[in-house]
Amino acid sequence: MGEVPAQSDAQEGGRDPNRARHVAIIMDGNGRWAKKRGLPRSVGHQRGVEAVRRLVRGLEPMGLDCLTLYAFSSENWKRSEDEVDDLMNLMRRFIKSDLPDFVANDVKLKIIGDWQALAPDIVEMLEDALAQTANGSKRLAVALNYGSQNEIARAAAKAAESGTIDTESITRYLDTYDLPPLDLIIRTSGEIRLSNFLLWQAAYAEMLFVDTLWPDFKPEHLAQALDDFARRERRYGGR
Ligand code: IPE
Ligand code: IPE
Ligand code: MG
């Protein structure tokens with residue numbers, strides 16, 4: 001264990017550095033998936049939801065403590081009203097159809113972002129989903145109406161109110177305060193940017209950009225990403 005960086009030990013309790021505990025995914029490429037097939041974007045989003053379902057169901061053997069999924073950004077409101085409506089309706093349907101599955105599979109749901117600003121009926125559904133999954137052990141965090149800069153600004157404001165503005169206090173007030181440190185960010189669809197996702201948390205996260213479009217993403221792709229992660233050497237600035 002000589003190569004394990006000291007800071008990693010201090011930060012993460014001396015855990016196995018080759019095992020990813022917390023992976024976050026920027027689920028991108030639904031629109032292009034549909035376009036390639038001459039289908040409307042809404043079909044791409046539907047297939048994207050199926051990819052989420054498939055992944056959550058296939059999660060068990062991966063040994064993750066937390067999976068965080070970027071589902072709707074605070075900038076996604078800029079899309080056409082029709083597309084935003086489609087996405088919100090898909091969200092409603094997904095919660096309704098998959099909540100029993102989450103409960104049965106011991107999932108503990110968490111929502112990050114400014115989700116309380118979503119439509120009141122969605123907020124109510126999410127509150128119910130959070131309550132019903134409160135005793136689960138497998139953490140699934142979903143970023144809804146999420147923007148990292150806004151999250152950091154909100155955390156900094158709370159830190160200021162508490163009288164201490166330092167990295168620990170800001171980290172404590174982020175929406176992710178109770179999630180394990182972020183190990184790996186995966187973005188699908190070949191875009192190489194973070195699009196306002198987990199900017200603070202990504203300070204020392206590994207990143208993987210894959211060309212697969214989100215609707216084509218399978219649990220095997222995640223397993224492959226975890227293998228890739230296991231071979232990386234994280235240094236945290238040390239040697
Ligand atoms: C990701 O797919 C889904 C959301 C951002 C909600 P996109 O809709 O961004 O798909 P592309 O990038 O246009 O292919
Ligand atoms: C990021 O994808 C947001 C989600 C996947 C929910 P976008 O498609 O919105 O990002 P940009 O616009 O290409 O940066
Ligand atoms: Mg996109």
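A: A salt bridge here is a side-chain nitrogen of Lys or Arg within 4 Å of a carboxyl oxygen of Asp or Glu. This is a predicted model: local features need pLDDT of at least 70, side-chain atom pairs count only at pLDDT 80 or more, and totals for chains, interfaces and linings use all residues. Side-chain values use heavy atoms, with hydrogens and water left out, and residues are numbered from 1 along each chain as its sequence is written.

Q: OK. How many salt bridges does the structure hold?

A: The count is 20.

Q: Which residue does Asp65 meet in a salt bridge?

A: Arg21, at 2.7 Å, N to O. Helices (H or I, at least four residues) and strands (E, at least two) are DSSP runs, numbered from the N terminus.

Q: Is Asp65 buried or partly exposed?

A: Asp65 counts as partly exposed, because its relative accessibility is 24%. Buried means under 20% relative accessible area, exposed over 50%, partly exposed in between (1.4 Å probe, protein chains only).

Q: And strand E2, how enclosed is that?

A: Largely. Seven of the eight residues of E2 (residues 66–73) are buried, so the rest of the structure largely encloses this strand.

Q: What does E2 pair with on the E1 side?

A: Strand E1 (residues 22–26) runs parallel to E2, with five bridges joining them. Two strands pair if DSSP finds at least two bridges between them. Leu69 in E2 is the bridge partner of Ile25.

Q: How many bridges join E2 to E4?

A: Seven, and these strands also run parallel; E4 covers residues 138–146. There, Phe72 has Leu144 as its bridge partner.

Q: Back to charges. Which residue does Glu206 meet in a salt bridge?

A: Arg232, at 3.1 Å, N to O. Glu206 is in strand E6 (residues 206–209), Arg232 in the segment after helix H8 (219–230), 26 residues apart. Glu206 counts as buried because its relative accessibility is 16%. Arg232, at 24%, is partly exposed.

Q: Which residues form a network of salt bridges?

A: Asp28, Arg32, Arg187, Glu191 and Arg193 are joined into one network by salt bridges that share partners. Within it, the side chains of Asp28 and Arg32 meet at 3.3 Å, N to O. Asp28 is buried at 16%, while Arg32 is partly exposed at 33%.

Technical notes:
Chains are lettered from A and ligands numbered from 1 in the order in which they are written.
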